[in-house]
Structures are given as C-alpha cells and as structure tokens.
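Here are my notes on the model you sent.

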Amino acid sequence: MVDKLLEFVQQLLNGLSQGSIYALIALGYTMVFGVLRFINFAHGDVFMLGAFAGFYIGPKTLALFGTGPSYPGMFAVLVVAMVLCAIIGIVIEKLCYRPLRDRPKLTVLITAIGVSLFLENAGQLVFGANPQSFPELITDRALEIPESWGAISGLTITVSQVLVFGITLLLLFVLRYVVMKTKLGMAMRALSFNPVAASLMGINNDVIISFTFGLGSALAGAAGILISIQQPSIDPLMGVNAGLKAFVAAVLGGIGNLPGAALGGILIGLIEALVVGYISPNYRDAIVFGVLILILIVKPTGLLGTSEREKV
Amino acid sequence: MIERSKILLLSALLVCAGLSHVAGGISPYYFDILIGIGINIILAVSLNLVNGYTGQFSLGHAGFMAVGAYASSWLTLKYGSSIGSGTLSTTTVFVLALLGGGLGAALSGLLVGVPSLRLKGDYLAIVTLGFNEIIKGVIQNAEPLGAQRGLGGMELHTNFFWTFAFAAITIYVVLNLVGSTYGRGFLAVRDDEIAAEAMGINTTKYKVLAFVLAAFFAGIAGGLYAHFKQFIHPEGFNFLRSVDIVVMVILGGMGNTAGVVVAATLLTILPELLRKVAHYEWLPDWLQQVAENRMILYSLLLIILMLTRPQGLFGNFTGKRNQRLQ
C-alpha cells in the first residue's frame, strides 16, 4: 500500500517538473493570443532555439565562471538564452506577422505554420538532424532524504527537478509582477481588452505587441534551457511535440488567461506522467490530444477562461 | 439531356482507360511519380472542399488517408484470397476494399466533424492535427495492423486507370457539389458564417458534410497508396504529410479546384527535380542541402505566398472579389 502510494507520488513529482516546462511555453501562447488573437505556431520552435542557444553558448559562458558546471554559470546561460529568444521572437513578429495584421486570421495562421516549418527544417540543416548532448551546466544528482523522514526517503528527487520547478515559480512571479504592476504590463492588458481603445489612450500597439512576443519567447527560451538540464539530449524537432502539448495546456487552462496557462501546463505534465506510469508510454500523445478534444467539446473556454460573445 | 460535366467525367474515364494501356510501358520511376500525382490530386482536391470551399482549416488529412489505407489493406488481406478465387474477381474485391476504406475514413471524418461545429480557425486546425496524431497513435498500438512495424503484404492492385478514374470522380463530385444549389451552402459558410446562419443555412450540417466527404476521398487515396506501395507505416501519415497536402491547396488557391490540381501535380514533381538539383556538383554545398530538404522551400513558399499573394499562385476569382469589397 505504502509502496503504491510512494510510486504514485513519484509519478506526480516527475510530472510536476515536466509540467513546469509546459507551463512556461504555454504562457507564451496565451500572451500572444491575448494581444493578437492568433496562435503562434512557431512558439514551440523558439523553445527549441533556446535549447540550441544554450548548446552553443553554454561551454564558453561556463568557462567565465570557473571550471566545470556551476550555478552562476547556469544562470548566465539561462539569461543569455532568454535574451536571444526574445530577440528572435520580436524579429519573427516584425517580419512575418506584422505585415499581415489586418488580413484574415487564416492567412496569419498559415504563415505561422510556415515559420514553424522553416525553423524546424532550417534547424535540421544548421544544427544537424541528429540529437546532440547538451553541455552539463550543473551536476545533477539525487537529493538525499534523511532516513528519519520515514517512507518519504524512498522517493527520488533530483537537483534538476527542484531547480526546474523553482526557476519556473520564480519566472511566474516575475511575469505576474511585469503584467500586473508595470506600465508595460498595464498596456498589455489594455491592448488585449480592446486594441482600438488602447491605441486611443496613447498606447503604441506595435511596441506592446513586440514586447509581448519578446516576453513570451524569453519564457520559451528559459524552458528550452531547463528541459535540457533535465534531459540533456536536444534536436531540432524537439519543439514540435513540446509546443503542441503546451498549446493543449494553454487551451486547458483557458487561452488568454495567464494563471490558466500555468495551471494547464502543470496538469498536462501530471496527466502525461500518470499515463506513462500506469497505462503505456505509447498512448502519451494520443491521450493529451484526447484531453484537448474533450475540453473543447465540454468547455471550450478552458478551466479558468471567460467566454467571449460572438459579434457580427 | 446529359449535362456537360457528366460528359466530361465520362470522357475523362475513357481517356484514363485508354491511357492505362500505354502507361504500363513507361519506366517504373516515372510510373511511380505518375501514380503519386494521381493520389495527391485526390487528396488535395478533397481537402480543398474543407479548407477552400467551406473555409475551415483542417490539418489532419493524412489521418483520414491512414484510416483508408489501413482499412482497405485489412480488407484485401483478409478477404482478398478467399473471395478472389471464387465468385468475385480480385479487381472487384480491390474496388470494394477501396470503398470500404473510404467509408471507414468518412466515419472518422464524422468524428472529427462533430467537435468542429464549435470550433473555428486556429482551434480547428489544432484539433484536426490532434486527431491525426490520435489516429496514428491508435495504429501504432494496434497489433493486428502491424503496430510500429508497419503493414505489408498487400498485392499490387493500384494502376493508372483506377488512380486517375478516382481523381476524375473526386474532381467531378467536388466541382458539381459546390456548383449546385445545395453546395452554395459551403460557400456561404466560408464567406460569413453568421450571415449564413441568419439565412437559414444549417452551417453545422455543411461543415460536417464537408469533413465527411473530404475524409471519404482521402480514404480512397489512402487505399490506392497502400495497394501501390504494398507497404504502409504509421509514420507515413504524420503531420508533415498533412502539411504537404495543405501546401498544395494553398499554392493552388483555396477554393480553386483547377489551381489545386496543377499545384498537386507540380508539388509531386518538384521533390524529384530538387533531388536532381541536389546532385549538381557546381552548386554551393548549402544550396545542395536546401534542395535536398524540400520542407525548407515549402515553408518559405508558404510565408512568401501569404505575405504577397494569399489567394494562391493561380489566383482565385472569389478572392479578388473579396478584395474589391474590402
């Protein structure tokens, strides 16, 4: 009985760190949807670019902070990857989405699919199609839980799991502060509420949209580094699956809703871990999409979303 | 009086029958491309009914193709030998299996169509993509269908005649349907769903119908593919295969059947040409690599097309009209 329970808790813990990654990516989808009302298909690939940014700058940056893996070095890599991804996100928006802003939504959607495919395939050309091993940024090991804690000591918790969850929480609080307390965040919320009224109030919509793309892409970049710390094998197509799952997470939480995206990400991570643990790893993807279809049929606005009335 | 379109269909079928005698003589390489063109035409023209004429956005056409391919292969593998030697000829069994595959795909199209009633645009795209993944996932776990190993052992039944006969039938059905009074509903749903509803059009019914019909023909295409390659694998029906078909529709112009047929033909030949280009020694290395990876070109094509010519390469009458209105 205790064994079964421990195994269950272990699955949940595994799901939690994977869910944090999904949450970070899902936030980007949701923020962009909030201001532009369209799904940035290429977002998952920005996550992939974040991982590869870490792959290329990792060893050099680590060398600045002494020899071997270190925490300051890891944070430096994280920040640089986030900045690079923010720039990439802003450039993508400027080149591909901005000229299409007044066009039908389908046009923008197709462009986004095109950008996504381009990043994936150009990535295969530039980085090579085979998986590469990510440089070791920190020394990962299992935390030692004292025997005196009883049954809990049977759990395996790794440093990277704690780190991923901790950094995700930190980023969520930073994001919350930026969106709720700063002027830029207020402008973002105003824009997502009513773009025309926002621009009448003196908000420069273009700047805010760029900022939103930058912010979302930076979070995706952070997720790219965090997942690579946990599973140090990266390839140019890693963003496809993660991106789709994160999108499902965003819809599950209610697209356009920031806490919803975080919640949805964690939930998807947990569901996935339980499916892998108790049913079969082969059904992992199918069940996540099943969840998406179910949520869209039962409650299309998601868990925390509010419905929007259709107007002529 | 027989309608003009019926005469055209009949003459197309006759031409197919005539050409199929000649087609056996060409080299296997070109024959392969030729059949590929026919299958892609069926896929693209049927997807055009959903993505072009009805204004929905399906990203899961390869999933329906998979259903058709597996269903028809299962039928011919199971019943081909037992019935084939008896009352029915093998060709009849093959065509019945194709139709069976088409019906199976249509049924799965119904499953996708029903949730699609409440979704549009981006959501629908993702849900259809999800269905594609689910279908793939189910096949990957189904032992009787070969699971991850793929399914083989089908006899070669697909020939020039059946491929292009079904292509002609697909074009005929789609064009006539959309041109009919009944089919105006599809265009109405695309142009303005709310207005169409206000006019008493059952938009739900039209959307589901579009999905079911498109899935049916995709299933037929899948059956033809399976009985041509004689081996099918779940990964052959993944998201990228769906994107291939979507690119054909977009390039040809959404809601422009003639354009889509041309685009399907061009995009089937293009990878073969690119493969040749990739071997030109005098080209710089990176260009050779780009040529080898057609998806880079496809994706750039998509982006540039959307930025400069969203109505597709071959233009689209309704597209122009809409622009004028705006």
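**Notes on the model**

1. The model is predicted; local features need pLDDT of at least 70 and side-chain atom pairs count only at pLDDT 80 or more, while totals for chains, interfaces and linings use all residues. Residues are numbered from 1 along each chain as its sequence is written, with chains lettered from A and ligands numbered from 1 in the order in which they are written.

2. Of the 16 residues of α9(A), 14 are buried, so this helix is largely enclosed by the rest of the structure. (Buried: 20 or more other C-beta atoms within 10 Å of the residue's own, with C-beta atoms placed from the backbone; helices are DSSP runs of H or I, at least four residues, numbered from the N terminus.)

3. α9 of chain A covers residues 238–253, and its end C-alpha atoms are 23 Å apart, in agreement with the 22 Å that 16 residues should span at 1.5 Å a residue. The expected span is 1.5 Å times one less than the number of residues. Just after α9(A), A:G254 has a positive phi of about 105 degrees.

4. The contact between the chains takes 34 residues from chain A and 33 residues from chain B; two residues are in contact if their C-beta atoms, placed from the backbone, lie within 7 Å. On the side of chain B that touches chain A, α5(B) gives the most, with 13 residues.

5. α10(B) and α13(B) pack at an angle of about 35 degrees, their axes 11 Å apart. Axes are lines fitted to C-alpha atoms over the stretch in contact, and angles run from 0 to 180 degrees between N-to-C directions. B:V247, B:I250 and B:L251 of α10(B) meet B:Y298, B:L301, B:L302 and B:L305 of α13(B).

Definitions and conventions:
Helices (H or I, at least four residues) and strands (E, at least two) are DSSP runs, numbered from the N terminus. A residue is buried if 20 or more other C-beta atoms lie within 10 Å of its own, exposed if 12 or fewer, and partly exposed in between; C-beta atoms are placed from the backbone.
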